[in-house]
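Visitor: I am new to this structure and would like to learn how to read its features one at a time. Could you take me through them slowly?

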Amino acid sequence: RVKAKWATSRPKFPSTSLALQYFDMNYGTDLGDLWPSVRIGMLSEQKYGALINNFSNTGDVMTTLQVQGAHDFVYNGALAWEEKQKTTQDHLQSDEHPFRSSTTSETQGAALPPSLSTNIKCFVFPKGDISRFKSARPDGTGMLGYYLLDAASILPVLALDVQEGHNVLDLCAAPGGKTLALLQTQAIRHLAVNDSSASRTARLRRVLQSYVPREHLTEDRVRITSFDGRRWGELERDTYDRVLVDVPCTTDRHSLQEEDNNVFSRVRAKERQRLPLLQIQLLLAGLEATRPGGEVVYSTCTLSPLQNECVVEQALELARKERGVSAQVQDLQALAHVFRDTFHFLPTPRLGELVLPHLTANFGPIYLCKLRRTS
Ligand code: SAM
């Protein structure tokens with residue numbers, strides 16, 4: 001009886017089914033043979049990562065996670081990179097670096113030190129292990145030990161390669177997973193955190209308060225705003241060393257699994273169709289806000305080329321033609337290489353990198369593309 005009642009109140013066309021139809025039509029073509037495996041990954045339970053909170057008692061937390069069988073994939077990736085450098089025996093001249101990337105069209109000459117110093121630690125269970133993390137508990141000072149998120153969403157932050165003293169903008173920041181990862185570096189001089197949604201910004205504030213002591217959240221260190229990010233270029237041009245543009249998108253995994261707040265619902269059709277335009281405008285604003293020589297990472301959690309590489313290409317063209325801003329795409333192959341034991345990457349991406357969901361490593365989708373502003 002309960003089931004019958006539930007059946008009558010079920011929507012005739014659930015948004016999750018509409019999303020699946022749409023993905024089958026489009027990603028079947030985009031991903032070809034890879035689609036069936038990605039599809040089953042996205043329809044199955046997602047895997048999480050535990051971003052360690054350096055402002056808590058990390059020793060205890062990490063020991064507990066290690067005992068449970070989890071490991072820090074960032075640290076392991078950096079070790080793998082060092083190993084690779086040693087075996088090729090030319091690391092002093094190398095222009096490649098997992099967290100610092102070279103342009104796709106030209107190589108940069110600088111020798112870069114291996115970066116074990118990112119300070120970002122994210123624990124995951126090994127490939128094929130579907131154990132779940134327990135909820136984090138507050139330590140003696142009240143700070144939570146870790147933040148659960150899609151481990152692949154750490155990659156855009158690593159790609160941003162924040163350095164000591166940087167001035168950083170997180171343009172679409174709520175609910176704050178990547179903001180929290182940025183703060184873990186403890187290298188940022190000033191972090192501007194923005195999200196146009198007031199309610200989501202309030203949630204972000206609560207997240208930060210549960211993880212970061214008050215003295216690290218003073219106005220001179222972290223400024224939280226709730227502006228329309230599309231207008232940032234008018235507010236602060238040529239300002240930031242690093243800008244993260246983590247845009248709203250069709251959130252593919254969520255759209256397949258949750259009826260609530262689903263962007264494939266009929267009432268949100270217009271909003272969904274307008275997403276690529278909004279994404280271009282946000283990336284344009286991010287590029288304008290970056291200082292010449294500074295870097296931008298554009299990221300989404302969709303497989304859609306229209307919201308990924310097409311947005312990057314169009315924003316680059318518009319930036320040059322209409323805003324007098326030039327930027328070059330940076331090669332992230334080294335980053336994908338060091339983390340290939342943790343994530344499944346699209347084998348031959350056209351621009352940027354794409355983490356594909358897979359039953360043995362069910363993270364993503366996460367798309368990331370890094371740009372360096374040249375003028
Ligand atoms: N970076 C976040 C994180 O790691 O937790 C996730 C960001 S979510 C993918 C995209 C965000 O963009 C949403 O919180 C949404 O409110 C925000 N957004 C949408 N339109 C925006 C705009 N015009 N300006 C700034 N933020 C916007």
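Guide: Let us start with Pro 175, which lies in the loop between S5 and H7; please keep in mind throughout that this is a predicted model.

Visitor: What is the peptide bond from Ala 174 to Pro 175, cis or trans?

Guide: As a general idea, most peptide bonds are trans. The bond from Ala 174 to Pro 175, however, is cis, with omega near 5°. A cis peptide bond also joins Gly 364 and Pro 365, where omega is about 5°, and Pro 365 is found in the loop between S12 and strand S13 (366-373).

Visitor: Which residues come nearest to the ligand?

Guide: Of the 22 residues around the ligand, those that come nearest are Asp 195, Arg 200, Asp 228, Gly 229 and Asp 246. In the side chain of Asp 195, an N or O atom is 2.6 Å from an oxygen atom of the ligand, while for Asp 246 a side-chain N or O atom is 2.6 Å from a nitrogen atom of the ligand. Gly 177 takes part through its backbone, with an N or O atom that lies 3.0 Å from an oxygen atom of the ligand.

Visitor: How should I read phi, and where is it positive in a residue other than glycine?

Guide: The general idea is that most residues other than glycine have a negative phi. Asp 238 has a positive phi, near 50°, and lies in the loop between helix H9 (232-235) and strand S8 (240-246); with 36% relative accessibility, Asp 238 counts as partly exposed. Thr 251, which is not a glycine either, has a positive phi of about 35° and lies in the loop between S8 and H10, where Thr 251 is partly exposed at a relative accessible area of 27%.

Visitor: How many disulfides does a search of the whole structure find?

Guide: In general, a disulfide is a covalent bond between the sulfur atoms of two cysteines. A search of the whole structure finds zero disulfides. Cys 249 counts as buried, at 7% relative accessibility, and Cys 369 counts as buried at 0%.

Visitor: Where does helix H2 bend, and what do its buried residues pack against?

Guide: Helix H2 (residues 15-31) has 17 residues and reaches 22 Å from its first C-alpha to its last, close to the 24 Å expected, and H2 bends by about 30° at Asp 24. Its buried residues, among them Leu 18, Phe 23 and Tyr 27, pack against helix H3 (35-43), helix H10 (252-257) and strand S12 (353-356). Just after H2, Gly 32 takes a positive phi of about 55°.

Methods. Residues are numbered from 1 along each chain as its sequence is written. This is a predicted model: local features need pLDDT of at least 70, side-chain atom pairs count only at pLDDT 80 or more; totals for chains, interfaces and linings use all residues. Side-chain values use heavy atoms; hydrogens and water are left out. Helices (H or I, at least four residues) and strands (E, at least two) are DSSP runs, numbered from the N terminus. The expected span of a helix is 1.5 Å times one less than its number of residues. The bend at a residue is the angle between axes fitted to the seven residues ending there and the seven starting there. Buried means under 20% relative accessible area, exposed over 50%, partly exposed in between (1.4 Å probe, protein chains only). Contact means heavy atoms within 4.5 Å. A disulfide is a pair of cysteine sulfur atoms within 2.5 Å. A residue is near a molecule or strand if one of its heavy atoms lies within 4 Å of it. A polar contact is a pair of N or O atoms within 3.5 Å; within protein, one must be able to donate a hydrogen and the other to accept it, and residues adjacent in sequence count only if both atoms are side-chain atoms.
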